[in-house]
Amino acid sequence: EKFLSLVNEGYKRNEVVYACIRVLSTAVGEPPLRVYRAGAAGKLEEQPDHPLRALLARPNPLMTEFEFYELMAIHLSICGRTFWWKERANNGQVIGLWPLRPDRVEPVLGAGSRDLLRGWHYWIEGVAYALPPEDVFFVNYPDPGDETGGILGGLGPLQVLAREVDTDNEATTFVYAMLRNYAMPGVVIQSKAKLN
């Protein structure tokens, strides 16, 4: 299924789909994410000032940590994949994470298992922008039918439910049209002959 079709027909049009995804996406950011490092004798020590902790607290100037997790869960629920471009400072340090629309991201595959992912293309208005693999953070719900066997391809719950959602949408539209017309059918066929 195409991403925008899933968004428009499922997420934006079906109240049950929207409610389920909203519950999931708003719950993901509730538990605090902590960074730990192995200390003496293997005991874990929390690192509240770790650079990753600071990055996630404010992934970019337009998003909070909660919004970061929320959008990640929405993308995963719809198409099973989420992508984030790593903005880097001149010294190479990651200073920002920016969401990429999943349907615009395409892997650039190599020849074999050691060279599986050479990079990514991000498509905007027919132009492919090359992104090196180290500059894209991605998470997927594996699709075993993908050409990489689920390593790079994703399969979202809404993709699996698409047919049922379409059926529900059509039934809702039909019932709405009937009630709007005072439950009177649009066409009545009459016959003088007795029908059995």
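This report covers the confidence, pockets, aromatic pairs and cysteines of a predicted model.

## Model and confidence

The model is predicted: local features need pLDDT of at least 70, side-chain atom pairs count only at pLDDT 80 or more, and totals for chains, interfaces and linings use all residues. Residues are numbered from 1 along each chain as its sequence is written, and side-chain values use heavy atoms, with hydrogens and water left out.

pLDDT is the predictor's confidence in each residue, from 0 to 100. The protein has a mean pLDDT of 91. A value of 70 or more is reached by 98% of its residues. Helices (H or I, at least four residues) and strands (E, at least two) are DSSP runs, numbered from the N terminus. Among these elements, β3 has the highest mean pLDDT, 98. The lowest, 84, belongs to α5.

## The largest pocket

A pocket is found on a 1 Å grid over the protein atoms alone. It is an open set of points where a 1.4 Å probe fits, with protein on both sides within 12 Å along at least five of seven lines. Lining residues have an atom within 4 Å of a point. Grid points are joined across faces, edges and corners, and a volume is the space filled by probe spheres set on the points.

The largest pocket has a volume of about 470 Å³. Its lining has 18 residues, and Arg81, Asp146, Gly153, Gly154 and Gln159 lie nearest the centre. By class, seven lining residues are nonpolar, four polar and seven charged. Here Ala, Val, Leu, Ile, Met, Phe, Trp, Tyr, Cys and Pro count as nonpolar; Asp, Glu, Lys and Arg count as charged; the others, Gly among them, count as polar.

## The second largest pocket

The second largest pocket holds about 210 Å³ of space. It is lined by 13 residues. Nearest its centre lie Val17, Cys20, Ile21, Leu158 and Leu161. Helices α2 (15–28) and α5 (157–180) each supply at least two lining residues. The most come from α5, which gives six. The lining has nine nonpolar, two polar and two charged residues.

## Aromatic pairs

The structure holds six aromatic pairs. Rings of Phe, Tyr and Trp (its six-membered ring) pair if their centres lie within 6.5 Å; planes under 30 degrees apart count as stacked, over 60 as edge-to-face and the rest as tilted. Phe68 and Tyr69 have ring centres 5.3 Å apart and planes at 65°, so their pair is edge-to-face. Both residues are buried (under 20% relative accessible area; exposed is over 50%, partly exposed in between, with a 1.4 Å probe and protein chains only). Phe68, Tyr69 and Trp84 form one aromatic cluster.

Phe83 and Phe138 form a stacked pair, 6.0 Å centre to centre with 20° between the planes. This pair links distant parts of the chain: Phe83 is in strand β3 (residues 81–88) and Phe138 in strand β8 (residues 136–140), 55 residues apart. Phe83 is buried, at 0% relative accessibility. Phe138 is partly exposed, at 25%.

## Cysteines

A disulfide is a covalent bond between the sulfur atoms of two cysteines. The cut-off used here is a pair of cysteine sulfur atoms within 2.5 Å. The structure holds zero disulfides. Cys20 is in none; the nearest cysteine sulfur, that of Cys79, is 17 Å away. That distance is too far for a bond. Cys79 is buried, with a relative accessible area of 8%.
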